[in-house]
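I'm opening the notebook on this one and jotting things down as I look them up.

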Amino acid sequence: MSKVKVSFSVSIDGFGAARLQSLENLMGVGGEALGEWAFATRTFQRMHGKDGGTTGIDDDFFARSFLNVGAYIFGRNMFGPVRGPWRDNSWKGWWGDTPPFRNPVFVLTHYPRESIPMQEGTTFHFVTDGMHRAVERATAAANGKDVCIGGVATVQQYLRAGLIDELNLAISPVLLGSGERFLGDIDLVKLGYACTEHVAGERATHAVLRRHATS
């Protein structure tokens with residue numbers, strides 16, 4: 001059965017991104033350390049056309065983050081550092097001409113823009129009529145597969161709305177000190193989540209949280 005899920009790296013002190021996001025710093029200054037556990041894996045290397053890489057628990061969990069995903073929903077910040085109305089069509093995301101998603105990506109924004117088809121199957125669509133409309137479009141586009149949510153603020157919105165079925169968290173052994181707190185003041189217990197799986201990988205600790213019916 002298809003689900004809405006999240007796959008995200010979080011620091012030990014609870015941040016999902018560092019401060020001062022820019023063209024040079026996708027995850028904010030120092031935030032790239034959150035993903036170092038994944039960069040070394042065989043799956044990451046193959047996604048970028050390279051050989052080698054590590055196998056094991058970290059590689060297994062990184063590969064799982066793409067398994068059975070048919071569409072994505074990103075916040076505007078996840079797509080890029082451009083703010084306000086789109087000045088032109090030059091910005092097409094952080095990932096070059098061949099993004100790794102290979103499926104439709106729906107970007108939440110207040111400003112309309114034409115869809116951007118990229119190489120290897122990724123197309124960025126821009127949704128201006130809200131988060132619920134985005135999940136409807138993404139679910140339809142996924143055609144029975146899962147929808148994956150990206151971006152700290154966007155994940156929080158969908159959590160509060162009760163629309164996320166599963167969170168796959170990689171807890172990186174780094175401290176950021178400041179930035180965007182991944183969960184903020186969200187009460188996951190009240191929302192019906194429980195940890196159903198946890199395991200220590202080679203460079204990160206992995207936890208799976210699933211949402212159950214609340215009373």
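**Entry 1: salt bridges**

I started with D146 and K5, whose side chains meet in a salt bridge at 3.6 Å, N to O. For the record, a salt bridge here is a side-chain nitrogen of Lys or Arg within 4 Å of a carboxyl oxygen of Asp or Glu. D146 sits in strand β7 and K5 in strand β1, so this pair ties together parts that are 141 residues apart in sequence. Helices (H or I, at least four residues) and strands (E, at least two) are DSSP runs, numbered from the N terminus.

A note on provenance before I go on: this is a predicted model, where local features need pLDDT of at least 70 and side-chain atom pairs count only at pLDDT 80 or more, while totals for chains, interfaces and linings use all residues. Residues are numbered from 1 along each chain as its sequence is written, and side-chain values use heavy atoms, with hydrogens and water left out.

Are D146 and K5 buried or exposed? Both are buried. I'm using buried for under 20% relative accessible area, exposed for over 50%, and partly exposed for in between (1.4 Å probe, protein chains only). D146 has a relative accessible area of 2%.

D146 also forms a salt bridge with K3, with the closest N and O atoms 3.4 Å apart. That pair links distant parts of the chain, K3 being in the segment before β1 and D146 in strand β7, 143 residues apart. K3 is partly exposed, at 27% relative accessible area. I wrote down K3, K5 and D146 as a network of salt bridges.

How many salt bridges does a search of the whole structure find? It finds seven. One more I looked up is R160 with D185, the closest N and O atoms being 3.0 Å apart. R160 lies in helix α6 (residues 152-160) and D185 in the loop between β9 (180-181) and β10, so this pair ties together parts 25 residues apart in sequence. R160 is partly exposed at 48% relative accessibility, whereas D185 is exposed at 67%.

**Entry 2: the sheet**

Next I traced the strands. There is an open sheet of nine strands with mixed pairing, in the order β5-β6-β4-β3-β7-β1-β8-β11-β10. Its edge strands are β5 and β10 (193-200), each pairing on one side only. Two strands pair if DSSP finds at least two bridges between them.

I then zoomed in on β1 (residues 4-11). β1 is mostly covered, with seven of its eight residues buried. Which way does β1 pair with β7 (residues 146-150), and over how many bridges? The sense is parallel, over three bridges, and V4 has V147 as its bridge partner in β7. With β8, β1 again pairs in the parallel sense, over seven bridges. In β8, K5 is partnered by E166 and F8 by L169.

**Entry 3: a surface patch**

β8 (residues 166-172) also holds I171. I171 is partly exposed, with a relative accessible area of 33%.

T122 is in the loop between β5 (116-117) and β6 (123-127). T122 counts as buried, at 0% relative accessibility. Leaving out residues up to four places away in sequence, T122 touches P99, F101, R102, N103, V105, I116 and P117, where contact means heavy atoms within 4.5 Å. The T122 side chain reaches the backbone nitrogen of R102 at 2.7 Å.

E120 is in the loop between β5 and β6 as well, but E120 is exposed, at 52% relative accessible area. Phi of E120 is near 65°, positive in a residue other than glycine. Most residues other than glycine have a negative phi.

N68 also got a note: its phi is positive, about 65°, although N68 is not a glycine. N68 lies in the loop between α3 (57-64) and β3 (69-74) and counts as partly exposed at 38% relative accessibility.

Notes: Polar contact = N/O pair within 3.5 Å; in protein donor to acceptor, adjacent residues only side chain to side chain.
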